[in-house]
Amino acid sequence: MTNAANQTAPAETTGPTGRGEVGIVAWLWPHIKPLLPMLVLSVAVLLLGRLGLVLALSTPKVIIDDVFVPGDYGKLPLILAYLVGSNLLWLCAQMAGLHLMFRNEQALNYSLNADMMERIQHKPMAEIRGERTGTYVSLFTNDLRHAVSMMATAAPRWIQEVAGLLMAVYIVGKGSPLILASVLVFSVFYIMLGKKYGPLLRLMSKEVQGNKAKLVVQIEEGITSTREVVAFNREEWELRRYRSAFRSYFDKVMEEGKLVNRQMLQSDPLRWLANLLVLGYGGYETMQGHMSVGLLVIVYQFSSSLLASTETVYHMTMELSGFMGVVERVRSFVRNDEQKGGGRRLNEPIRSLSLDRVDFSYGAAKRKLFDQLSLNLPLGKKIALVGASGGGKSTILRLLIDFERPASGAVKLNGVPLGEWDASDWRSRICIVFQEPYLLPDTIRVNIAFGRSGIGDEHIEEACRVAHIHEFIAGLDKGYDTVLGERGITLSGGQRQRIALARAIVRNPEVLILDEATSALDLETERKVQAALDERRRGSTTITVAHRLSTVQNADVIYVIEDGEIRERGTHEQLLEGGPIYRKLVAGQLNTR
């Protein structure tokens with residue numbers, strides 16, 4: 001889905017109907033609208049600052065022509081006060097404009113980042129798994145940051161530069177129309193150089209950003225895999241991978257620098273020639289008495305400014321024209337991949353939960369995993385899904401939690417397809433504990449509460465007693481206020497699993513799903529945890545996937561899954577009598593002990 005979205009993005013962006021641009025504006029408008037008054041104010045302040053700068057730069061003409069040349073020094077204090085005032089106007093307006101742009105940029109950054117985070121959280125889990133974490137990091141730190149900067153900073157500055165360009169045209173034209181025409185001719189050459197180097201620089205910048213994103217991914221993965229790298233004594237190998245990624249990034253940066261230098265070697269001589277022309281012709285006009293010395297000074301100043309402003313406006317226009325492409329890349333990354341729930345509110349008790357003729361496969365080119373699979377799950381019972389790896393047990397769990405959706409058929413809740421219910425309402429009733437739980441680099445208390453407010457210490461401790469982790473936590477120097485390492489790396493696998501179980505027990509969901517949630521525990525601890533959990537969950541629905549069959553022997557119903565089908569069902573005793581596949585699984589585990 002992501003690839004498809006990316007492939008259609010350019011066509012939408014550059015299509016004749018402009019539907020891509022309309023879509024981008026429609027996406028950005030809710031974020032821009034609240035900031036519109038402040039954006040307009042920042043532009044107004046920047047324009048006021050540019051006016052102050054023009055007034056300050058025009059002051060030398062008055063000083064030279066009205067004070068120094070006639071020797072009328074009585075006017076000097078007033079003119080100096082004017083100069084100080086105009087410079088203060090420019091300085092204060094510039095500082096205020098920078099503050100406003102920074103404020104707008106941060107506000108827009110916050111709004112768009114929050115929107116992007118929400119959109120990513122609503123992407124199908126298959127899409128999340130298919131992308132590297134560093135790709136998302138690069139999306140936020142590079143693409144989105146660049147898009148925000150273009151809207152909040154580059155656009156107001158472009159307006160300021162255009163205003164400065166028009167002011168320079170007026171002043172130079174008033175001083176000497178011929179000099180204005182000559183400078184504009186040189187400006188055309190500047191634009192031609194910009195058209196030549198602009199696409200090359202944009203392409204090179206894109207390649208630099210692409211290599212930078214790969215470097216960020218490499219750094220992120222290198223840090224994440226530190227434990228395995230050290231354990232397998234592969235430090236040199238990891239360092240070579242980093243050096244290779246950095247070298248690719250560095251080479252592209254150097255290529256970009258060489259291209260910029262080549263452009264400067266061709267553009268700077270044009271500026272020198274234009275300055276020589278202004279000085280030569282302006283000096284001649286001054287000696288002929290057609291132009292005052294003061295006017296020559298500001299014509300020279302504003303001619304240089306006009307040439308530089310022309311180049312700046314052109315390049316900024318090109319950057320702004322590429323802005324839509326950057327935003328479209330960000331938007332298309334999550335655009336059509338959101339997995340949205342329906343609008344039906346779940347205000348009723350859970351009466352039934354089932355899979356109804358479900359077809360499912362991982363990717364179009366892969367073998368179909370489920371073919372018309374139907375399964376009615378008895379509520380208020382302990383349910384177990386067992387079978388060989390790859391049979392589809394965990395996929396059923398992901399379908400139930402709405403992490404995946406079937407190609408056809410439906411997961412039904414109270415007889416209604418799950419996709420029609422409000423996703424938040426359903427996930428407030430159901431909870432899943434994974435084999436490899438994620439723990440925050442925060443305190444144990446925060447990890448167990450996991451964003452839920454109003455949970456007292458007594459409830460947290462009670463949940464930990466059920467998960468048989470309270471004694472361990474109480475023995476730590478800081479107890480429940482102990483800060484865990486990233487992803488809980490300071491704990492053993494069994495300790496992480498029991499903290500994740502406590503997190504689910506505190507929540508006390510109507511439906512609890514355990515996906516190999518006790519696989520890292522020793523047999524004795526697992527029995528204690530299961531016994532306490534069964535007592536706590538008596539009369540509630542608990543769905544367990546386990547390879548270790550001792551975990552599920554007391555389940556009310558066991559489903560044996562093989563090759564995407566329900567082959568056998570019953571209690572442990574019933575399956576030992578009449579379930580050959582289950583008996584084989586049990587015998588295989590007994591033989592391996």
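Reader: In which sense do strand β6 and β7 pair, and over how many bridges?
Author: This is a predicted model: local features need pLDDT of at least 70, side-chain atom pairs count only at pLDDT 80 or more, and totals for chains, interfaces and linings use all residues. Numbering starts from 1 along each chain as its sequence is written, and side-chain values use heavy atoms, leaving out hydrogens and water. Strands here are DSSP runs of E, at least two residues, and helices are runs of H or I, at least four, numbered from the N terminus; two strands pair if DSSP finds at least two bridges between them. Strand β6 (residues 430-433) and β7 pair in the parallel sense, over four bridges.

Reader: Which residue of β8 is the bridge partner of Ile513?
Author: β7 also pairs with strand β8 (residues 541-545), parallel, over five bridges. In β8, the partner of Ile513 is Ile543.

Reader: Which hand does the β-α-β unit of β7, α18 and β8 have?
Author: A crossover is right-handed if, with the strands pointing away from the viewer, the path from the first strand over the helix to the second runs clockwise. By that test, the unit of β7, α18 and β8 is right-handed.
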